[in-house]
There are 2 protein chains.
Amino acid sequence: MRAAVLRHGAMVVDEVPDPVPGMGQVLVRTLACGICGSDLHFVKHGRRMSELAAHSGVPDRLDFERDIFMGHEFSAEVLECGPETLAPPPGTVVTSIPGMLTLEGPKDLAYTNEFAAGYSERMLLSAPLLLKVPNGLDPRHAALTEPMAVGLHAVNKSGIRAGEAALVYGCGPVGLAVVASLRTKGVEPIIATDFSATRRRLATTMGAHDVIDPRREPGIEAWRRIDGVRPLGIFEAVGVPGMLESALEDAPPGARILVVGVCMETDNVYPIFGILKELSVQFALGYDPMEFAASLQAIAEGELDVAPLITGSVDLDGLPDAFELLANPDSHGKILMEPSGR
Amino acid sequence: MRAAVLRHGAMVVDEVPDPVPGMGQVLVRTLACGICGSDLHFVKHGRRMSELAAHSGVPDRLDFERDIFMGHEFSAEVLECGPETLAPPPGTVVTSIPGMLTLEGPKDLAYTNEFAAGYSERMLLSAPLLLKVPNGLDPRHAALTEPMAVGLHAVNKSGIRAGEAALVYGCGPVGLAVVASLRTKGVEPIIATDFSATRRRLATTMGAHDVIDPRREPGIEAWRRIDGVRPLGIFEAVGVPGMLESALEDAPPGARILVVGVCMETDNVYPIFGILKELSVQFALGYDPMEFAASLQAIAEGELDVAPLITGSVDLDGLPDAFELLANPDSHGKILMEPSGR
């Protein structure tokens, strides 16, 4: 079968071995797979990320001399079950957290030498992790379960409550997922900032009450003008150096900062800002399986309309170009890879 | 009367106007006042601190061209009440949070151009803020109410619970107050690190289960050796550049970091460590009035034995030298200023 893999620092499409389902595994046909900002980061900074992850106690088994499979925001159709495996019948549309249960313990499906992932025509999934996509939900929308779960998790981790205010720095897919989840939770006002007009429009669609171009007005000043009194949660979804320091400097006394943007470089911060204002900084990554399931349910029941987030689609051969395109992501929300084309 | 004041960047003892109590105020005679690490910081970095505080929204009214009164860890004896003021009778031993209620709102007594503070023979306090020192408690011990409240507040803010583990970086007075409060809360093990053998001995006295010289073994490795499994709270009570980054780098996944050391310079951090391990960082400053009262009560009832923390005493004239001495604080816990000498 064909797959897009990371090989010597670049995405290439090539023939790879056909996956064969073992016990507890299900062979699926990929229907749609979102391109995640982390994947772009990974192509650039993968080795360093892997080093830092190993340094943080995450087991590091990635071999950059071999192909690395990627693609962790997918929906798929069941083709065939492994031996002695209970799973939905062929033809069922499913999604799953991007992980594989093995006899050696759970393994990552987001970045792996071992298993084909979402940027492949077919892949193996663990039967116990499968979630059926409720009847009728567009598999393209089901593919957004994963990024929306990231937003839900960040909002849960922040401890923000209905009636409090939120300031969201960055309206890429993560920032937009945060906005959507804040709206569902009854947070008001939600003030979202981004340099891109397209992304600000998307933020409004996803539930932001106010959108701000930080070149015209700093986000924190917008918050002071619009609200200025309610407890404030600041969500950092940009992930470039300087953002954490800005958040510490901007935050009003007692504010909570939730960092969900992945910054790979150092940030030079003044701890004294945190101290004088008794700030708290919570870092967030991923989601738990319940949040993933809740995210699918919210999309399937129409609580969360993810359709506007999808601003492009490519087939497998178009994936390397889409990675290039997203290096300047201003005009894009989420681009989906659909192996069969559209 | 005489007072030690900050004048042109140095502590000097001089005659200052006698304070006269107004309505709601009480004139007291200072019995003991602890020298706080923040005061040493302030002599060095006061202007910058004041700028950063103003930048953080704290009203800045300090005039560095005029004398600045300091001393915020005090006990005192009531001499005289202002007009129409309800207060304990003369001779009562009291303490108070270092603040003054005025018609313009509450004002700071820790660093002020306006009111004589604890490094003075006499001072004014706000009658509604007075706490009677329970009968028989040594006023020298009552003067430690304030620093112990800082430790209690940091522990409360951290959310740490009985049965969880704590790693305390730095065994100066703040770190020691944290250790004491952790012990009262039932946290175990409490692992405290400091370069100074004297301070490590004090940490053991105040309740640390294990003390570590970080030149011999990094604190985090000591935690792995001693415990390594319970939820961990890391308390940063050193306050020099590099400590926040160390804490982020050292912390195991899901750990909470409580920053109570006041770092005046920048710290170059890797947000990615926070993200990969979903850390939380809570900054803490000061205490609330209930925590202050609880701290006095704990000392008065013998739950908290602060006597070992007092490693020196000077009179008013000895205060400038004590500031010099504490610039190399290795062999000291808390030095008290007692205006009448000992």
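1. Two strands pair if DSSP finds at least two bridges between them, and strands (E, at least two residues) and helices (H or I, at least four) are DSSP runs that are numbered from the N terminus. In that sense strand 12 (residues 165-169) and strand 13 (residues 190-193) of chain B are paired in parallel over four bridges, with B:Leu167 standing opposite B:Ile191 of strand 13.

2. This is a predicted model, in which local features need pLDDT of at least 70 and side-chain atom pairs count only at pLDDT 80 or more, while totals for chains, interfaces and linings use all residues. Residues are numbered from 1 along each chain as its sequence is written, chains are lettered from A and ligands numbered from 1 in the order in which they are written, and side-chain values use heavy atoms, with hydrogens and water left out.

3. Where do the side chains of strand 13 of chain B point? B:Ile190 and B:Ala192 point one way and B:Ile191 and B:Thr193 the other way, and all are buried, where buried means under 20% relative accessible area, exposed over 50%, and partly exposed in between (1.4 Å probe, protein chains only). In a regular strand the side chains alternate between the two faces of the sheet.

4. The interface between the chains involves 36 residues of chain A in contact with 36 residues of chain B, contact being heavy atoms within 4.5 Å. The two chains bury about 3400 Å² between them, 64% of it on carbon and sulfur atoms; this buried area is the accessible area (1.4 Å probe) that two parts lose on being put together, summed over both. A:Ile275, A:Glu278 and A:Phe283 supply 20% of the area that chain A buries against chain B, more than any other three residues.

5. Between chain A and chain B the count of salt bridges is zero, a salt bridge being a side-chain nitrogen of Lys or Arg within 4 Å of a carboxyl oxygen of Asp or Glu. Across the same interface, however, there are 17 residue pairs in polar contact, both residues at pLDDT 80 or more. A polar contact is a pair of N or O atoms within 3.5 Å; within protein, one must be able to donate a hydrogen and the other to accept it, and residues adjacent in sequence count only if both atoms are side-chain atoms.

6. On the side of chain A that touches chain B, at least two residues come from each of helix 1 (37-55), helix 3 (145-158), helix 7 (243-250), strand 17 (267-269), helix 8 (271-276) and strand 18 (280-283). Helix 8 of chain A gives the most, with six residues. The residues of this side divide into 20 nonpolar, nine polar and seven charged; Ala, Val, Leu, Ile, Met, Phe, Trp, Tyr, Cys and Pro count as nonpolar, Asp, Glu, Lys and Arg as charged, and the others, Gly among them, as polar.

7. Strand 17 of chain A also pairs with strand 17 (residues 267-269) of chain B, in the antiparallel sense and over three bridges. Within this pairing, A:Asn268 has B:Asn268 as its bridge partner.

8. Chain B has an open sheet of four strands in the order 2-1-4-9, with antiparallel pairing. Strand 2 (10-15) and strand 9 of chain B stand at the edges with a single partner strand each, so one side of each is left without a neighbour in the sheet. Strand 1 (residues 2-7) and strand 2 of chain B are joined by six bridges, and B:Ala3 stands opposite B:Asp14 of strand 2.

9. The loop between strand 9 (111-112) and strand 10 (122-126) of chain B holds B:Asn113, which is buried at a relative accessible area of 10%. A polar atom of the B:Asn113 side chain lies 2.6 Å from the backbone nitrogen of B:Asp63.

10. Over all chains the count comes to 35 salt bridges. One of them joins the side chains of A:Lys334 and A:Glu73 (3.0 Å, N to O); A:Lys334 lies in strand 20 (residues 334-337) and A:Glu73 in the loop between strand 4 and strand 5 (74-81) of chain A, so the pair ties together parts that are 261 residues apart in sequence. Both A:Lys334 and A:Glu73 are buried.

11. Another salt bridge joins A:Glu51 and A:Arg48 (3.3 Å, N to O), which both lie in helix 1 of chain A, three residues apart, about one turn of the helix. A:Glu51 is partly exposed at 46% relative accessible area, and A:Arg48 is likewise partly exposed at 34%.
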